[in-house]
Amino acid sequence: MLLHLQTWPEVETYLKRSTAIIVPIGSTEQHGPTGLIGTDAICGEAVGRKLGEVTGTLVAPTIAVGMAQHHLGFPGSMTLRPSTLIAVVKDNVESLARHGFTHFYFVNGHGGNVAPFSAAFSELYAESSLARPGNRPPIRCKLRNWYESAKVKAISRELYGDSEGSHATPSEVALTWAVYPQAVRKAKMEPEVAPRGEFTDAADYRRNFPDGRIGSNPNLASIEAGQRLWDAAVADLAEDLKAFVKLAAG
């Protein structure tokens, strides 16, 4: 169930049975020579929407631009400043909380979002703590990276081993191909498995990782693997979401 495809009376009816909502989040940034620029948002949205289907939970619009300043050396990449992203998260949550939503389950596809989201949650909890008691029900937020679920990690180890890497990974590329089979593409990459290392700003990233990959070989990706990873992420997160909603309702 997608929030933007509901009417306000339908949302009002939904809130009588549940105050939980899934919020997919990602990023719009380069993903190597063959990965789609929207990879992180596509993955977060695909997992989040299917998670909503299997659990009967409403799904909010995807937050598709995240904190990705280090990718700005590559054309097409976009970013929000950390402070801007924190404000975006707070405004989204507070808008929905006004209507009675109380627990927010964020399905994340981008590692750079983790720190800003943690800060946003802290800001929300601080405002709740400082508010006059009884003004509104407490807000609870949870962030889960689809690519870190136990089943997903087991499949990526089985299929890719050390070639999974940490950016433009075959796992995330495969999942985008399962969603958009027409996007499949291969390219010769040198070296076959990209180097690893650290980075600071966009220029440093481009200098250290000239084709955009970090430690990965996305040519190992396949549609079939993407479907396996998609299903595995949804299965893991469905159990986690159910536990979160039960805890938040208790």
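## Salt bridges in the model

A salt bridge here is a side-chain nitrogen of Lys or Arg within 4 Å of a carboxyl oxygen of Asp or Glu. The structure is a predicted model. By this rule it holds 11 salt bridges.

## Lys-90 and Glu-127

Lys-90 and Glu-127 join through their side chains in a salt bridge, at 2.6 Å from N to O. The pair ties together distant parts of the chain, 37 residues apart. Lys-90 sits in helix 3 (residues 82–97) and Glu-127 in helix 4 (residues 114–130).

Lys-90 counts as buried because its relative accessibility is 16%, under the 20% cut-off. Glu-127 is partly exposed, with a relative accessible area of 32%.

## Lys-151 and Asp-236

A salt bridge also links Lys-151 to Asp-236. Their closest N and O atoms lie 2.9 Å apart. Again the partners come from distant parts of the chain, here 85 residues apart. Helix 5 (residues 150–160) carries Lys-151, and helix 8 (residues 223–249) carries Asp-236.

Lys-151 is partly exposed, at a relative accessible area of 43%.

## Lys-188 and Glu-190

Lys-188 bridges to Glu-190, with the closest N and O atoms 3.1 Å apart. Which side of the cut-offs do Lys-188 and Glu-190 fall on, buried or exposed? Lys-188 is exposed, with a relative accessible area of 73%. Glu-190 is exposed too, with 61%.

Some salt bridges share partners. Lys-142, Arg-144 and Asp-240 are joined in this way into one network.

How values were computed. Residues numbered from 1 in each chain as written. Predicted model: local features only at pLDDT ≥ 70, side-chain atom pairs only at ≥ 80, totals over all residues. Heavy atoms only, no water. Helix = DSSP H or I, 4+ residues; strand = E, 2+ residues; numbered from the N terminus. Buried < 20%, exposed > 50% of the residue type's maximum accessible area, 1.4 Å probe, protein only.
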